[in-house]
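Please find below my notes on the model under review. They are set out as numbered points.

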Amino acid sequence: MISNGVQSHAPEDKGAASKSSLSSTNSTLNSPLMKLSSYFLAVRPWSLSASLMPTLLGSALAYRTTGIASFSWISFVLTLYTIISVHGAGNVVNTYFDYIKGVDSRKSDDRILVDQLLSKDELVSLGALLYAAGCLGFVLLTTISPAKMEHLALVYFGGLSSSFLYTGGIGLKYIALGDVIILVIFGPISVLFAFMAQTGFIAWETIYFAVPLALNTEAILHSNNTRDLESDKKAGIVTLAILIGHTASHVLYAFLLFTPYIIFAVLALRYSIWFLLPLITVPTAFKIEKQFRDPTMIQSVPKQTARLNMYLGILYVVACLAAEPLPYL
């Protein structure tokens, strides 16, 4: 009788244990700390160096142009806040539309919607909040910047709309135009905006300084698209990596990765030895490029390229602050 009683209750005990375990897991996933972590990951903090570095560069060039007496630290902080908010919003929009269009799958690097860490509504709310934060930062910036509001607005809203249209609306990423957007936003646009916010005027020469960072940032996107080439093709979208294929993508990645170093070497020979400083990262670049050519190791290449972008950008900004004479300006 005891044996029968044990046998009859065992399934109920296992079922109760299973329900208890599932309830515990759901409770953990829905905890405030876990939710906050998911919101943080949705912004893709590892990629923010792509907007942070050109903002620092533009501010450094403004400092070299006008001097410390005219440099506003409040404008600097507001510029950083505004650009990073818009970049984070663009990342959220990218996650949303990649999921909607079936680009993200179980093998994707972006797990926010795939693993249901956040709902689609929560992600939309986050994107709207970040765009609102960026607009608030822009409004505050216009009140203290010496630049004309219409000039700042032209550059700012050009960058904001591009961050949305990258995957939202017509979805430039899905018709092989995403690379063009990245080259423009995370190069000339960000540098010009940061420079103009400090000085009050536009110096087109700053675009020359933006080229190395723009190329290196494009290497992040291209490595991501090359890694996802097959899954993107199945999803029915078109990227530059799909159009040119694996072999040409390897050549292009090497060009994007190493051309900035050639530019730095030329600047060092012609103007100041300080421009050799970013070349400290060359060994890391060779290591990442080798991993890019290995299908078993390419998974982590975009994040490693973003990390390289940060180190290279910091050293480049230091070089621009220290170089004498500073070319172009």
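**Notes on the predicted model**

1. In this predicted model, the chain exposes about 16000 Å², and carbon and sulfur atoms supply 68% of that area. Of its 329 residues, 48% count as buried.

2. The secondary structure consists of 12 helices and 0 strands. Read from the N terminus, the order of elements is therefore α-α-α-α-α-α-α-α-α-α-α-α. Among contacts with a separation of 6 or more, 75% are made by residues 24 or more positions apart.

3. The mean pLDDT of the chain is 88, with 89% of the residues reaching 70 or more. Among the elements, helix 11 (residues 282-292) has the highest mean pLDDT, 97, while helix 1 (residues 2-29) has the lowest, 47.

4. Where pLDDT is low, the predicted coordinates should not be read in detail.

5. Gln-116, in the loop between helix 4 (73-100) and helix 5 (120-144), has a phi of about 55°. Ala-176, in the loop between helix 6 (149-165) and helix 7, has a phi of about 65°.

6. Are these two residues buried or exposed? Gln-116 has a relative accessibility of 67%; because this is over the 50% cut-off, Gln-116 counts as exposed. Ala-176 has 19%, which is under the 20% cut-off, so Ala-176 counts as buried.

7. Pro-188 lies within helix 7 (residues 178-199). Apart from neighbours within four places in sequence, Pro-188 is in contact with Leu-183, Ile-207 and Ala-210.

8. Which peptide bond is cis, with omega near 5°? The bond from Glu-324 to Pro-325 has this geometry. Pro-325 is located in the segment after helix 12 (301-322).

Note on methods:
Residues are numbered from 1 along each chain as its sequence is written. This is a predicted model: local features need pLDDT of at least 70, side-chain atom pairs count only at pLDDT 80 or more; totals for chains, interfaces and linings use all residues. Side-chain values use heavy atoms; hydrogens and water are left out. pLDDT is the predictor's confidence in each residue, from 0 to 100. Helices (H or I, at least four residues) and strands (E, at least two) are DSSP runs, numbered from the N terminus. Contact means heavy atoms within 4.5 Å. Buried means under 20% relative accessible area, exposed over 50%, partly exposed in between (1.4 Å probe, protein chains only). Accessible areas come from the Shrake-Rupley method with a 1.4 Å probe; for residues, only the protein chains shown count as cover.
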